[in-house]
Amino acid sequence: MSENRVVEGRMVTPAKLAELIEGEAPMDAEEIADADRECPDCGGSVISVGYMPSVTEFVTGYKCQDCAWSETDRD
Ligand SMILES: [Zn+2]
């Protein structure tokens, strides 16, 4: 079973999803999960991923599967 998901028309791994949200590759990323929310921009499905941008920080990031919208829980 693949844990990759389709985001904006392409398959992404957890690390790649975190990179799309963060703007740079994370040190580590957990599995992608479905977020129980809709994209505020387009109403599309939102997925989430927990990742570590650095050794001292853990962030949960959210990303729309259909458009460029994303945010993190530190916003
Ligand atoms: Zn969207």
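Visitor: Leaving aside its neighbours within four places in sequence, what is P53 in contact with?
Guide: P53 is in contact with E22, P26 and V59. Two residues are in contact if their C-beta atoms, placed from the backbone, lie within 7 Å of each other. Bear in mind that this is a predicted model, where local features need pLDDT of at least 70, side-chain atom pairs count only at pLDDT 80 or more, and totals for chains, interfaces and linings use all residues. Residue numbers start from 1 along each chain as its sequence is written.

Visitor: Does P53 count as buried or exposed, and what makes it so?
Guide: The cut-offs go like this: a residue is buried with 20 or more other C-beta atoms within 10 Å of its own, exposed with 12 or fewer, and partly exposed in between, with C-beta atoms placed from the backbone. P53 has 22 C-beta neighbours inside 10 Å, so P53 counts as buried.

Visitor: Where is P53 found?
Guide: In strand β5. A strand here is a DSSP run of E with at least two residues, a helix is a run of H or I with at least four, and both are numbered from the N terminus.

Visitor: How far apart are P53 and W69, in sequence and in space?
Guide: They are 16 residues apart in sequence and 19 Å apart in space, C-alpha to C-alpha.

Visitor: What is the phi of E8?
Guide: It's positive, about 50°, although E8 is not a glycine. Most residues other than glycine have a negative phi.

Visitor: Which residues of helix α1 are buried?
Guide: In α1, residues 14-22, the buried ones are P14, L17, A18 and I21.

Visitor: How do you know which side of α1 they are on?
Guide: The arc is that of the directions from the helix axis to the C-beta atoms. These residues cover an arc of only 100° around the axis, so they are on the same side of α1. What covers them includes β1 (5-7), β2 (10-12), β5 (45-54) and β6 (57-64), among others.

Visitor: What is in the largest nonpolar core?
Guide: It has 12 residues, among them V7, L17, A18, I21, V49 and C64. The largest share, 4 residues, comes from β5. A nonpolar core is a set of buried Ala, Val, Leu, Ile, Met, Phe, Trp, Tyr and Cys residues joined through C-beta atoms within 7 Å. In soluble globular proteins, nonpolar side chains tend to be buried together.

Visitor: How do you know that β5 and β6 pair?
Guide: Two strands pair if DSSP finds at least two bridges between them. 7 bridges join β5 to β6, so these antiparallel strands pass that test. S48 stands opposite Y62 in β6, and the two strands form a hairpin with 2 residues between them.

Visitor: How many bridges join β3 to β5?
Guide: There are 2, and β3 and β5 run antiparallel; A29 has Y51 as its bridge partner in β5. Strand β4 (residues 33-38) is joined to β5 by 3 bridges, antiparallel again, with D34 partnered by I47.

Visitor: What does the secondary structure of the chain come to?
Guide: It comes to 1 helix and 7 strands, in the pattern β-β-α-β-β-β-β-β along the sequence.

Visitor: What makes the chain as compact as a globular protein of that length?
Guide: Its radius of gyration, taken over C-alpha atoms, is set against the globule rule, which is 2.2 Å times the number of residues to the power 0.38. The chain's value is 11 Å, close to the 11 Å the rule gives for 75 residues, so it is as compact as a globular protein of that length.
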